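Subject: Structure handover

Hello,

Here is the structure I said I would pass on.

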Amino acid sequence: MTITTQRTCPATAPRVCPEAPPHHLQYRQIGALDLETGGRLPEVRVAYETWGRLNARADNAVLVEHALTGDSHVAGPAGPGQPTPGWWDGLVGPGRPLDTDRFFIVATNVLGGCRGTTGPASTAPDGKPWGSRFPFVTIRDQVAAEAALADQLGIHRWAAVLGGSMGGMRAGEWVASYPDRVQAALVLASTGAASAEQIAWCQPQLLAIRQDPHFRGGDYYDHPVGPDAGLGLARRIAHVTYRSEQELADRFGRRAQGTEQPLGGGGRYAVESYLDHHAAKLVNRFDANSYLVLTESMSSHDLGRGRGGVAAALQGYTGRLLVAGVDSDRLYPLRQSEELAAAAGQQATIIRSECGHDAFLLETAQVGALVRGLLA
């Protein structure tokens with residue numbers, strides 16, 4: 001199946017929002033969580049947002065999974081402390097693909113994040129931030145935390161679990177870990193296992209943060225300056241992988257930034273200014289330790305680990321699984337979506353876009369059509 005559209009990227013679309021106003025966020029204590037690698041978090045809090053209403057049978061709940069630097073604010077207007085709308089705002093609401101007249105939409109902030117769920121900046125039992133002591137968490141641990149939240153909400157089976165990028169990893173892990181609790185799933189612009197190249201892209205980002213002199217081994221919370229420069233460098237590296245070569249060429253070419261002179265004058269090219277802009281945005285709203293924790297969890301991702309391979313991991317799932325990839329994605333290339341779909345005995349759906357990996361956020365019409373089909 002191929003979804004087609006005009007091969008140009010939408011001019012503007014938010015990647016993610018800062019934390020929503022307090023009245024939008026809800027919190028649940030889910031207790032202690034034993035981790036896949038043997039660590040343990042003694043008390044875990046999960047931040048989440050909801051839209052719509054859970055019906056009497058509790059069978060209309062849809063879990064939406066955010067990407068690396070995302071959060072639970074999938075939809076909603078800008079407001080105090082929240083300068084941009086939700087990152088999938090066009091998909092959630094009455095009559096929209098995630099129809100709040102039909103479905104109860106739930107979005108969590110991921111374990112290890114920095115938007116309300118327990119993470120490195122959270123307070124440890126000794127009253128100090130976890131910092132460098134925060135344990136290694138995997139995608140499976142993140143899903144286990146969501147399963148504990150679902151139990152508390154009285155949701156024993158999701159009508160659907162869907163997400164892109166790191167969110168797609170969690171959607172796939174839900175299918176593998178809790179096949180009886182997922183009626184339908186969408187794995188978008190993601191993979192069944194992180195590849196050598198994806199791990200390689202992550203390594204310089206991790207080093208950029210850890211080698212920042214203000215990182216202080218991860219215990220920088222009591223100091224006036226944190227590893228902002230390192231986090232900004234990590235974001236620049238990552239953001240190049242989020243867009244396609246063709247889009248960057250068409251959008252920026254070799255143009256200088258305004259009146260700046262890059263040829264011996266110390267000025268920037270327009271594409272460098274673009275990367276600087278995205279670096280500054282992330283530094284102002286995200287925690288460097290969370291970036292490390294979540295990046296390493298993505299590198300750890302492998303549906304087949306300890307299960308006999310990806311195909312074996314999906315064998316027990318009898319619900320609907322839709323795997324979709326973006327034809328211009330160079331971070332999670334279409335080949336990986338095709339391989340994951342083949343492991344599940346089906347074909348991948350192709351989203352055609354010049355936006356690269358970010359098409360899962362920007363191509364609202366195409367993604368919306370996938371979601372409507374999945375939930376029909």
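Helices (H or I, at least four residues) and strands (E, at least two) are DSSP runs, numbered from the N terminus. This is a predicted model, in which local features need pLDDT of at least 70 and side-chain atom pairs count only at pLDDT 80 or more, while totals for chains, interfaces and linings use all residues. Residues are numbered from 1 along each chain as its sequence is written, and side-chain values use heavy atoms, with hydrogens and water left out.

Cavities and pockets

Both were found on a 1 Å grid over the protein atoms alone: a cavity is a set of points where a 1.4 Å probe fits but cannot get out, and a pocket is an open set with protein on both sides within 12 Å along at least five of seven lines. Lining residues have an atom within 4 Å of a point. Grid points are joined across faces, edges and corners, and a volume is the space filled by probe spheres set on the points.

There are 2 cavities of 30 Å³ or more by this rule. The largest cavity holds about 180 Å³. Its lining has 21 residues, and those nearest its centre are Leu68, Cys202, Met298, Leu331 and Tyr332. Helix H3 (196-210), helix H4 (228-242) and H7 each supply at least two lining residues, and the largest share, 5 residues, comes from H3. The lining of the largest cavity divides into 13 nonpolar, 7 polar and 1 charged residues. Here Ala, Val, Leu, Ile, Met, Phe, Trp, Tyr, Cys and Pro count as nonpolar, Asp, Glu, Lys and Arg as charged, and the others, Gly among them, as polar.

The second largest pocket has a volume of about 240 Å³. It is lined by 17 residues, with Ala121, Tyr220, Tyr221, Phe286 and Asp287 the closest to its centre. By class, that lining has 9 nonpolar, 5 polar and 3 charged residues.

The core

A nonpolar core is a set of buried Ala, Val, Leu, Ile, Met, Phe, Trp, Tyr and Cys residues joined through side-chain atoms within 4.5 Å. Buried means under 20% relative accessible area, exposed over 50%, and partly exposed in between (1.4 Å probe, protein chains only). The largest core has 66 residues, and the members that touch the most others are Val106, Ile155, Trp158, Trp174, Ile209, Tyr291 and Leu321. Helix H1 (residues 139-153) gives the largest share of this core, 8 residues. A second, separate core of 35 residues includes Trp51, Ala67, Leu188 and Leu322.

Helix H1

Of the 15 residues of H1, 12 are buried, so the helix is largely enclosed by the rest of the structure. Among the buried ones are Ile139, Val143, Leu149 and Leu153. Their cover, by contact (heavy atoms within 4.5 Å), includes strand S5 (104-108), helix H2 (166-177) and helix H7 (288-299). After H1 comes glycine 154, whose phi is positive, near 80°.

Two loop residues

Alanine 58 has a positive phi of about 55° although it is not a glycine. Alanine 58 sits in the loop between S3 and S4 and is buried, with a relative accessible area of 16%. Serine 165, also not a glycine, has a positive phi near 60°. Serine 165 lies in the loop between strand S6 (160-164) and H2, and is buried at a relative accessible area of 5%.

Regards
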